[in-house]
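The sequence and structure are shown first.

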Amino acid sequence: MCGIFAYLNHLTPKTRMEILDLLIKGLKRLEYRGYDSAGVGIDGPTSSSNISLVKSTGKVKKLEDKIHEMKDDLNFDGVHTVHVGIAHTRWATHGAPSDVNCHPHRSGDGNEFVVVHNGIITNYKDIKQFLITKGYKFESDTDTEAIAKLIKHIRSQNQQDSFRQLVEKTIAQLEGAFACVFKSTLFPGECVATRRGSPLLVGIKTESALESDHIPVQYSADEDPKLPHHGQEFNSSGSPAPRKKTSAMFRLESDHTEEIRPSDEESVEYFFASDASAIIEHTNRVIFLEDDDVAACKLGVLSLHRMNREGAGSREITTLKMEIQQIMKGNFSSFMQKEIFEQPESVVNTMRGRINYEQETVTLGGIKSYVPEIRRCRRLLMIGCGTSYHSAIASRQLLEELTELPVMVDLASDFLDRNTPIFRDDVCFFISQSGETADTLSALRYCKSRGALIVGITNTVGSTICRESHCGVHINAGPEIGVASTKAYTSQILSLVMFALVMSEDRISLQPRRSEIIQGLKALPDMIRKVLALDDKVLAIAKQLYEKKSFLIMGRGFNFATCLEGALKVKELTYMHSEGIQAGELKHGPLALVDSTVPILMIIMRDHVFTKCMNALQQVTAREGRPIIVCEEGDTETSKWSESVLQIPKSVDALQGILTVIPLQLLSYHLAVLRGCNVDCPRNLAKSVTVE
């Protein structure tokens, strides 16, 4: 939720127009995280002694147009050798979308401090009330404005403090989740960023190569005096541990506060963003900040600080493997359409290097050393939200079959509400595309504190869930920009199927079943291509349905999750009421909804529940229902029950849900387009739900 982008150029001359274009382009890459309003903050047109803020309600394009309308006021031709620009695209939580509620928020009329923020400050009302008693006047309804005014108040009490120290004292008063980037007229050319619970990373771009792969973390000098200072680590004997190699670009100053500096007169650019997709076109070298990290830039220096000594003593400089083409639409009209049609490749990437089809073995490197421990567990818990929750439901039946363990599936929010009993011999899977989902992360910490083994299933390297899990599986689906998840869903199911295959490799009685599934996985990409070839038929069905008010999707067994996921996609993208119904529950209420006017889709495959699904079909048609049927190729018996039939290739029953969901992804896409909805940016929603 919300996208932060900031850019600092040091000894790198840029015109003001270039800086604004760079900020706008960064926001466009992050627009999937929120698109209620957007804003930028840059130095004033004549000097850094003031800050110009430009804000606009609506999408980033409206902000871009507004900036171009103000080109004379903003002095596009001015050049900055050193400059900090901050930008933000908003998903509204506190206060309606409006220019005044838009970020960046300011400390007062003079714009001494401005801040962009992603997250929710839970104690902002207390802070706001305190600041009002001190004479501060608030102009917005947001929680973020309290941060900007609080740092100004702290500055009034601590005139000698550095910008970084002011930020540290400010965040010490905040409760909740946040990622923030600060800019100030009092500290020109400086930028301070921090996070707790919301993602934030720093990109580094230099002329010379970085030889170092780590940057040390510094600690506040006022913490426990018995602890070593200046970022020094001690080994078990009490002597200083050898320092990790540092970059030729940096030199270490061993005075009172250790700093990491670029070499004299060397230009450097820093990028701060909520997600790597905004940075990759500029640099592939990034640092993923951890909770309570404070990254400060001053005179080209990048230094990392913490108030406590939790976690590692350094941060790795990671080289991103992402390609710029992966975050472009290419020849497609929307990211969602592109991601649907990428699934033949994304499932191959999920399986690449993990399955040996000849020897019928499966290796998941991320959990390999933990498999013996997992085999000794009492039960498996799978926890997620939305689409990730549906992927757990889709794979639960196979996991129960191949592991012979009880498998619990829970929505993360409901799991937390119940204070669920967790034991040391439980294994808990946390499934999240972004790896930052707030409820899932809270559930992870709850289970971890009770001694359970934590397994992360994510699509984002360096995410919080990745770092806080004991082990995990990276689904390798590639960047997913569309708010409605598609390829991540199928790759999550595949990752859990592969885990089930790993768990059953030593069970002789299960070898025929394993062999059947592994050969099914080999054929899966070609089968997905055949399903995607039904796009024109799906479009024809969408044209019959797009003016309807409601849509029911029915199935059971391995395809029940498809019903839930298909209904979620229709709701997300078309704003049409849609419900996924377990076909076995028809007689317990949902059958009352069936008549000749209600659109119904039924998934009926030739698996172990085929006869039961046919019973449900007969019940629906007896009440004048006219279902659209998804069935197997060549199934003429089932096809004759409907005029609208989508036939998909026959696969192993456990993998059929991957194929049956694709027509529903296509259908929701076409319905949204026909209804005039924005496919990539559905109303009221955003990707990467980092607030509860």
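Seven aromatic pairs are present in the structure, where rings of Phe, Tyr and Trp (its six-membered ring) pair if their centres lie within 6.5 Å, and planes under 30 degrees apart count as stacked, over 60 as edge-to-face and the rest as tilted. The model is predicted: local features need pLDDT of at least 70, side-chain atom pairs count only at pLDDT 80 or more, and totals for chains, interfaces and linings use all residues. Residues are numbered from 1 along each chain as its sequence is written, and side-chain values use heavy atoms, with hydrogens and water left out.

One of the pairs joins phenylalanine 332 and phenylalanine 341; it counts as stacked because the ring centres are 5.9 Å apart and the planes meet at 25 degrees. Accessibility is classed as buried under 20% relative accessible area, exposed over 50% and partly exposed in between (1.4 Å probe, protein chains only). Phenylalanine 332 is partly exposed at 31%, and phenylalanine 341 is partly exposed at 23%.

Phenylalanine 415 and tyrosine 446 form an edge-to-face pair, with 5.6 Å from centre to centre and 90 degrees between the planes. This pair links distant parts of the chain, 31 residues apart: phenylalanine 415 lies in helix H11 (residues 412-417) and tyrosine 446 in helix H12 (residues 438-449). Helices (H or I, at least four residues) are DSSP runs, numbered from the N terminus. Phenylalanine 415 is buried, with a relative accessibility of 0%, and tyrosine 446 is buried at 13%. Elsewhere, Phe5, Tyr7 and Phe271 make up one aromatic cluster.

Charged side chains also meet aromatic rings. A charge sits over a ring if NZ of Lys or CZ of Arg is within 6 Å of the ring centre and within 35 degrees of the ring normal. Two such contacts are listed below.

| Charged residue | Ring | Distance to ring centre |
|---|---|---|
| Arginine 309 | Tyrosine 219 | 4.0 Å |
| Arginine 378 | Phenylalanine 423 | 4.4 Å |

How many disulfides are there, a disulfide being a pair of cysteine sulfur atoms within 2.5 Å? The count is zero. The sulfur of cysteine 191 has its closest cysteine sulfur in cysteine 297, at 6.1 Å, which is too far for a bond. Cysteine 613 is likewise in no disulfide, and the nearest cysteine sulfur, in cysteine 563, is 8.5 Å away. Cysteine 191 is buried, at 0% relative accessible area, and cysteine 613 is buried at 3% relative accessibility.

Key:
Disulfide = S-S within 2.5 Å. Helix = DSSP H or I, 4+ residues; strand = E, 2+ residues; numbered from the N terminus.
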